[in-house]
Amino acid sequence: MTTHPNVLVVTPTYNERDNLPLLARAVLGREGYRMLVVDDGSPDGTGAVADALAVEFPGRLEVMHRTGARGLGRSYVDGLRHALASTDAELICQMDADLSHNPDYLPDLAAAAATYDVVIGSRYLNGVSVVNWPLHRIFLSAFANQYIRAVTRLTPRDCTSGYRCWRRNALARMPLDRMVSDGYAFLVEMLFEASRRGCRIGETPIIFVERRQGQSKVSSSVLAESLIVPWRLVLTRSS
Ligand SMILES: Nc1nc2c(ncn2[C@@H]2O[C@H](COP(=O)(O)OP(=O)(O)O)[C@@H](O)[C@H]2O)c(=O)[nH]1
Ligand SMILES: [Mg+2]
């Protein structure tokens with residue numbers, strides 16, 4: 001008898017109309033995997049596309065329609081809280097909707113979660129595994145990771161990857177109600193809190209492929225926040 005994993009993939013979306021159906025079909029093609037799409041009222045109609053997928057995959061894809069202030073971190077806080085409160089998933093993954101995170105790596109992340117409390121799908125384990133990024137973006141991301149590691153003393157090679165897999169009990173110990181940051185900084189804050197709580201943090205290699213459809217939402221304010229938040233974390237929360 002084969003036993004299937006019990007995994008919920010939480011995916012925030014903002015204008016991912018063309019990407020989401022491809023991602024959902026790939027993720028839900030795996031037994032034991034469900035999805036929670038957290039849409040921020042995307043002007044391009046991604047929310048309606050997600051609703052249609054929920055009909056196509058009854059009981060396997062759920063949609064959360066957010067209103068009010070939008071943001072990646074806020075969406076994850078809402079989505080991850082819902083995952084804990086309203087599902088019985090043993091593993092809870094975070095994953096971008098734009099196909100940069102290949103669903104083929106999900107089993108690797110899930111397998112590593114047998115050993116670690118949280119597993120990062122990492123772009124920087126074997127040199128730099130990023131496809132279709134301009135050189136300046138590679139430098140920016142590599143610099144950001146060096147900076148974050150230096151300031152926070154976190155040890156993972158890729159602290160800003162949004163591809164992650166949590167064991168349920170580790171995620172349940174995280175202070176989701178008290179997270180202060182959004183964007184990449186939110187991802188760093190989650191790792192910082194996990195590390196402070198003694199979580200074992202692992203990494204598995206992924207090849208990150210830049211999106212073909214739609215646009216990145218990274219803004220200069222998101223980048224500025226990711227320079228400030230590491231200091232804020234160490235100055236206000238180190239014990
Ligand atoms: N719900 C929600 N999702 C967002 C927001 N900003 C970005 N996303 C989603 O977060 C994921 C990563 O965003 P992206 O712009 O591709 O970031 P990049 O890969 O770092 O350039 C994608 O699935 C986006 O649709 C937001 O404000 N709200
Ligand atoms: Mg992207």
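## Helices α5 and α8

In this predicted model, helix α5 (residues 135–152) packs against helix α8 (residues 220–237) at an angle of about 15 degrees, and their axes lie 9 Å apart. Helices (H or I, at least four residues) and strands (E, at least two) are DSSP runs, numbered from the N terminus; axes are lines fitted to C-alpha atoms, for helices over the stretch in contact, and angles run from 0 to 180 degrees between N-to-C directions. The pair α5 and α8 is therefore roughly parallel (angles under 35 degrees).

Leu140, Phe143, Tyr147, Ile148, Val151 and Thr152 of α5 meet Leu223, Ser226, Leu227, Pro230, Trp231 and Val234 of α8, contact being heavy atoms within 4.5 Å.

## The sheet

Seven strands form an open sheet in the order β3-β2-β1-β4-β7-β5-β8, with mixed pairing; two strands pair if DSSP finds at least two bridges between them. From one strand to the next, the twist averages 20 degrees.

Strand β5 (residues 118–122) runs parallel to β8 and is joined to β8 by five bridges. Ile120 is opposite Glu203 in β8.

## Helices on the sheet

Helix α3 (residues 72–86) packs on the sheet and touches β1 (7–13), β2 (33–39), β3 and β4 (91–94). The direction of α3 makes about 155 degrees with that of β1.

Helix α7 (residues 183–196) lies across β4, β5, β7 (164–167) and β8, at about 35 degrees to β7.

## Basis

Residues are numbered from 1 along each chain as its sequence is written, with chains lettered from A and ligands numbered from 1 in the order in which they are written. Local features need pLDDT of at least 70, side-chain atom pairs count only at pLDDT 80 or more, and totals for chains, interfaces and linings use all residues, while side-chain values use heavy atoms, leaving out hydrogens and water.

Terms used: Angles under 35 degrees count as roughly parallel, over 145 as roughly antiparallel, 65 to 115 as roughly perpendicular and the rest as oblique.
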